[in-house]
Amino acid sequence: MILDTLTIVVAGVVLLLAVVAPFMSPVFRLRLSDETPTMETASLPPVSVLITVHRNAPALEHYLSLCLSQQYAPGFEVIVVAEKGDTEAEDVLKRFGAYKRLYTTFIPESSRYMSRKKLAITLGVKAAHNEWIVLTEADCRPTSDQWLASMVQHFDAGHNLVIGYSNYSEDACPRYRFRQLTMSAYLLRQASKGCAYRCGTSSLAFRKSEFMSGEGFRGSLEHIGGEYDFLVNKYARRGATAVELSPEAFVEEDAPSARSWRNLRLFTFHTNRYLNRGWGIRVLTFLDALLLHLSFLGALVSAVWGGFSSRWIVLGAGVLALIVSYVERMLLVRRKLQVLVPRVPLWKVPFYELMQMWSTVGLRLRYLFTDKYTFTCHKQ
């Protein structure tokens with residue numbers, strides 16, 4: 001058995017990386033312990049819930065009743081914006097016509113130089129009767145009838161944005177759900193600690209007055225997609241964005257197909273090019289991925305080298321480092337996975353973490369070779 005300075009240094013570094021690297025996990029850093037503020041019911045404002053419909057009328061029919069049946073005493077309205085001529089959506093809205101708090105409006109069949117989604121949101125905001133607007137999607141379902149009440153607890157003078165948590169339904173690919181959690185962890189932590197970068201979820205509350213005075217989506221009208229992200233990036237102020245992570249406030253999105261998932265990420269790459277304040281998350285993401293790969297690769301290489309060179313201490317340290325890193329990564333995020341993404345296999349978490357960077361690299365290369373006019377309303 002060889003015992004020299006090189007053996008001791010290599011074994012020590014490998015074990016240190018195995019212990020320290022798992023703490024550089026965005027899911028581990030995300031805090032769930034923040035208590036929801038309590039406000040007197042009399043001081044809570046009435047709210048407008050805004051839903052846009054685009055080729056997803058069946059989802060609207062399934063989930064609209066969950067929005068309309070929210071338990072919120074001060075009162076709320078639900079505004080649905082559909083496309084004129086969408087007979088399927090019109091039929092669904094007619095079936096819900098008995099609800100007095102439901103309002104509908106329609107966008108024209110064609111629009112030039114402006115994303116149809118952004119146009120729909122803009123018309124919905126203008127139609128809203130209340131200062132605070134909660135934006136969500138037709139294919140999303142609140143997991144509780146306290147969703148609206150939980151979001152509203154942050155509607156005070158100190159906040160102008162409130163971001164809730166959303167993820168895919170349990171029948172979605174676990175890798176997609178874990179990826180959504182990871183990205184949300186980066187974004188929600190930055191929003192709560194400093195100035196929000198983008199949204200990344202399908203549950204966002206903002207002020208009508210600020211949207212109107214800031215001319216809505218001006219500056220990003222031609223870009224397709226990224227509506228929540230552009231809103232947050234434009235209107236966020238340091239310390240004025242609240243994050244709501246109580247289970248009662250969760251929103252669940254329909255499971256995406258592989259194609260939809262890929263396209264969503266490609267459009268996100270495009271959106272990120274036009275957002276401010278992204279450097280911090282990019283640097284942190286790189287450092288997290290670097291330590292993750294160094295810990296596993298260092299342990300693997302040291303184990304192989306130790307075996308071939310008869311440095312049994314290095315071999316043992318490498319094998320032990322692999323086990324420690326693997327187990328520690330599971331244990332550190334176990335509680336948060338149980339709350340935020342139940343039924344994601346815990347034993348797969350380290351593999352999902354390793355796959356994320358390479359998946360991002362592959363999709364970014366695909367984005368580089370994609371016609372950029374795909375992501376804009378301004379066509380040649």
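I took a disulfide to be a pair of cysteine sulfur atoms within 2.5 Å. The model I searched is a predicted one.

**Cysteines**

I searched the whole structure for disulfides and found zero. I then looked at C173, which is in no disulfide; its nearest cysteine sulfur belongs to C140 and is 18 Å away. C173 counts as partly exposed, because its relative accessibility is 32%.

I looked up C199 next. Its closest cysteine sulfur is also in C140, at 11 Å, which is too far for a bond, since a disulfide needs the two sulfurs within 2.5 Å. Is C199 buried or exposed? C199 has a relative accessible area of 1%, so I noted it as buried.

**Three-stranded sheet**

I traced an open sheet of three strands, ordered β5-β10-β7, and the pairing in this sheet is mixed.

I checked one pairing in detail. β5 runs antiparallel to β10 (residues 251–253), and three bridges join the two strands. Opposite P142 I found V251 in β10.

I also looked for a helix on this sheet. Helix α7 (residues 174–193) lies across β7 and β10, and its direction is at about 160° to β7.

I followed the chain to G194, which lies in the loop between α7 and β8 (204–207). I counted G194 as buried because its relative accessibility is 9%, and the cut-off for buried is under 20%. Which residues does G194 touch, leaving out those up to four places away in sequence? I found R237, R238 and G239 in contact with G194. I also looked up the C-alpha distance from G194 to A236: it is 9.7 Å, for a separation of 42 residues in sequence.

**Seven-stranded sheet**

I traced a further open sheet, of seven strands, in the order β3-β2-β1-β4-β8-β6-β9, again with mixed pairing. Which strands are at its edges? They are β3 (102–107) and β9 (241–244), each of which pairs on one side only. Neighbouring strands in this sheet are turned against each other by 20° on average, direction ignored.

Inside this order I checked β1 (residues 47–52) against β4 (residues 132–137): the two run parallel and are joined by six bridges. I51 has T136 in β4 opposite.

I then looked for a helix on this sheet too. Helix α5 (residues 116–127) lies across β1, β2 (76–83), β3, β4 and β8, and runs at about 155° to β1.

**Helix pair α1 and α12**

Last, I looked up how α1 (residues 5–20) packs against α12 (residues 312–340): the angle is about 5° and the axes are 8 Å apart. I therefore recorded α1 as roughly parallel to α12, as the angle is under the 35 degrees cut-off.

I listed the residues that meet. From α1 they include V10, V14 and L15, and from α12 they include I313, L320 and V324. How many residues of this contact are nonpolar, polar and charged? I noted 12 nonpolar, three polar and one charged.

Key:
Residues are numbered from 1 along each chain as its sequence is written. This is a predicted model: local features need pLDDT of at least 70, side-chain atom pairs count only at pLDDT 80 or more; totals for chains, interfaces and linings use all residues. Side-chain values use heavy atoms; hydrogens and water are left out. Two strands pair if DSSP finds at least two bridges between them. Helices (H or I, at least four residues) and strands (E, at least two) are DSSP runs, numbered from the N terminus. Contact means heavy atoms within 4.5 Å. Axes are lines fitted to C-alpha atoms, for helices over the stretch in contact, and angles run from 0 to 180 degrees between N-to-C directions. Buried means under 20% relative accessible area, exposed over 50%, partly exposed in between (1.4 Å probe, protein chains only). Angles under 35 degrees count as roughly parallel, over 145 as roughly antiparallel, 65 to 115 as roughly perpendicular and the rest as oblique. Ala, Val, Leu, Ile, Met, Phe, Trp, Tyr, Cys and Pro count as nonpolar, Asp, Glu, Lys and Arg as charged, and the others, Gly among them, as polar.
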